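I opened this model to look up the ligand site first, then the strands and a few single residues. My entries follow in the order in which I made them.

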Amino acid sequence: VKSTIHVRGDLQGIIESQLALMHSQLQLLGGHSVAADSLPMPSTTAPIAKQSDSTANTVVEAKGVLGNWRAKANREVSADEKARAEYINQFIGRFNERTNKTKLHTQKYRSHLADNRVSAGFRPNLKEMIYTIIFKSGKGSHFVDLDGNDYIDFSMGFGVNLFGHCPDFIEERIRKQLDIGYCVGPQAELAGIVAEKACKVLQHERIAFLNSGTEAVMTAIRLARTVTARNRVVIFEGSYHGHADVVLARAATQGGVSLPVAPGVPTGIVGDVVVLPYGEASSIEYIRKHGDSLAAVLVEPVQSRYPEHQPVEFLKEIRKITEKTGTAFIFDEVICGLRVAPAGAEQLFQIKPDISVYGKILGGGMPIGAVAGFAKYLDPIDGGNWRFGDDSYPGAEMTFFAGTFCKHPVTMAAADAVLDRFLKDGDSLTSNLNQRTAKLCQRLNAEFQGYDLQANNFGSLFRFKSPSNIDLLFANINYRGAYVWEGRNLFLSTAHTQKDEDDFIQIVKTSIDELSHEGFLRKKA
Ligand code: PMP
């Protein structure tokens, strides 16, 4: 994230600072690759619909304050701009009517629930529809919202639900575990069994379980620093590795010292983190030159925001250098693992990292993170592999590792079911889904023809790419019953049917037609 966050004291300055921070956070999470205010922003004050909910007897009335804020821009408003502003207000009215209960529910609990998701993508002229759809029930590729609307879900738990929501084969294992008990304290019987299966599927020597990708990344870096006895870590622009302080760094504009991406992260914590451009020769040069002093090079092999960018040769070159310099090469496979191939991008690209980080799919819908890799890098967790009945002992230098909920029995049960499925179906599971997603993107690109829009996939992850802000397109798609979360990563699951795909194409087509007709999407010259 390159944008500098200015803090100004006046109202407009405060709002701008907040929007910049939200924008940079959303950018990190995968959404809005275009500046937040690049969508046509009408300078008229929006006439905002009043809404009432008879059951809750609550009235939500917007004041339009922020609309006035922009009105101060003091410039001529063209007829086109006025028409677009009118469309936005009319669309917001329709959107609100369809999802009224979600909107009221969000407003009701905002004072207590601190939740950055429900402010994500905030913009004054879209304010009245800035809320995240709340689900009432979900199964397979669909869920139903509070108002009873059905959605085909293409967010799939941010990539968690490879098999759709609540698949029967995972649910059965979870139920069974609930019957047995979900004790924490004594070790879960399944922990060792799941570790063995995971090492087989993910092709690593040892593995440790945590509760999230963030924890796993944090641990991977600590392990690399322990084993190498070095501090400096290289990460790359455009990657997302979760929200541990240590990875919340951005490249400095001058001077070479990284800066934190947000207030609250001390400069000192990112002082040993170097942020380089991804896939560029200059980064290879840096790693070659400084390799001897690097603890780790951490990559998101294919960054979820740029599925079309697959720099295999770049990764191979880093592997060669880091092998020589004794630097830990860490693959963050939180999204790619168990998706593009069982072991992830490393399997697809035939590159062996020292440490890999997994999460999401592995937990079968339960919270999980995992660090896997060569024994040398995992041994600082427990001192290494020692045996009863001989003179072996935990001899590896250890570092700090802990977590009340690590290896939670319910998570282990769900992970066990996921891994059994992978052991049974192997690579065909992921390769079939990859092919289906590539075909779906081809169909999308046929609809996008003539527009500055493109669908790209890596495995069963896909994204829409455009030089313009396409928030309104996604709002239209959501409005028509296909759900895409604010980060805009879309996922195909094994639960999606051909009908789901056909319906999605129709929804996208109708949305494009409407926005094109209203002057928001233009055909390329
Ligand atoms: N790494 C990558 C590549 C991710 O995409 C994410 C989350 N989307 C994380 C790490 C962090 O995982 P979690 O949200 O489980 O902490």
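I began with Tyr 240, where a backbone N or O atom lies 3.4 Å from a nitrogen atom of the ligand. I take a polar contact as a pair of N or O atoms within 3.5 Å; within protein, one must be able to donate a hydrogen and the other to accept it, and residues adjacent in sequence count only if both atoms are side-chain atoms. Before going on I noted that the model is predicted, with local features needing pLDDT of at least 70, side-chain atom pairs counting only at pLDDT 80 or more, and totals for chains, interfaces and linings using all residues. Residues are numbered from 1 along each chain as its sequence is written, and side-chain values use heavy atoms, with hydrogens and water left out.

An N or O atom in the side chain of Asp 332 is 2.6 Å from a nitrogen atom of the ligand. For Thr 214, a side-chain N or O atom is 2.5 Å from an oxygen atom of the ligand. The protein covers 83% of the 390 Å² of accessible area that the ligand has on its own (Shrake-Rupley method, 1.4 Å probe; for residues, only the protein chains shown count as cover).

I then listed the residues around the ligand (a heavy atom within 4 Å): Ser 212, Gly 213, Thr 214, Tyr 240, His 241, Gly 242, Glu 300, Asp 332, Val 334, Ile 335 and Lys 360. This shell divides into 3 nonpolar, 5 polar and 3 charged residues. Here Ala, Val, Leu, Ile, Met, Phe, Trp, Tyr, Cys and Pro count as nonpolar, Asp, Glu, Lys and Arg as charged, and the others, Gly among them, as polar.

I turned to the open sheet of 4 strands, whose order is 3-4-5-17 and whose pairing is mixed. Strand 3 and strand 17 (482-483) stand at the edges with a single partner strand each, so one side of each is left without a neighbour in the sheet. Strands are DSSP runs (E, at least two residues), as helices are (H or I, at least four), numbered from the N terminus; two strands pair if DSSP finds at least two bridges between them.

Strand 3 (residues 135-139) pairs with strand 4 in the antiparallel sense over 4 bridges. I found Ser 137 bridged to Val 144 of strand 4, and Lys 139 opposite His 142. The hairpin of these strands has 2 residues between them, and Gly 140 in the turn has a positive phi of about 65°.

Strand 4 and strand 5 (residues 150-153) are also antiparallel, over 3 bridges. The partner of Phe 143 in strand 5 is Tyr 151. This hairpin has 4 residues between the strands, and Gly 148 takes a positive phi near 90°.

Which residues of strand 4 are on its covered face? I noted Phe 143 and Asp 145 there, with His 142 and Val 144 on the uncovered one.

**Single residues.** Glu 501 is in helix 15 (residues 498-517). Glu 501 is buried at a relative accessible area of 4% (buried means under 20%, exposed over 50%, partly exposed in between; 1.4 Å probe, protein chains only). A polar contact of 2.7 Å joins the side chains of Glu 501 and Arg 436.

Ala 370 lies in strand 14 (residues 369-373) and is buried at 0%. I also checked Ala 198: its C-alpha atom is 9.6 Å from that of Ala 370, 172 residues apart along the chain.

**Cysteines.** I counted 0 disulfides (a pair of cysteine sulfur atoms within 2.5 Å). Cys 166 is partly exposed at 35% relative accessibility, whereas Cys 406 is buried at 10%.
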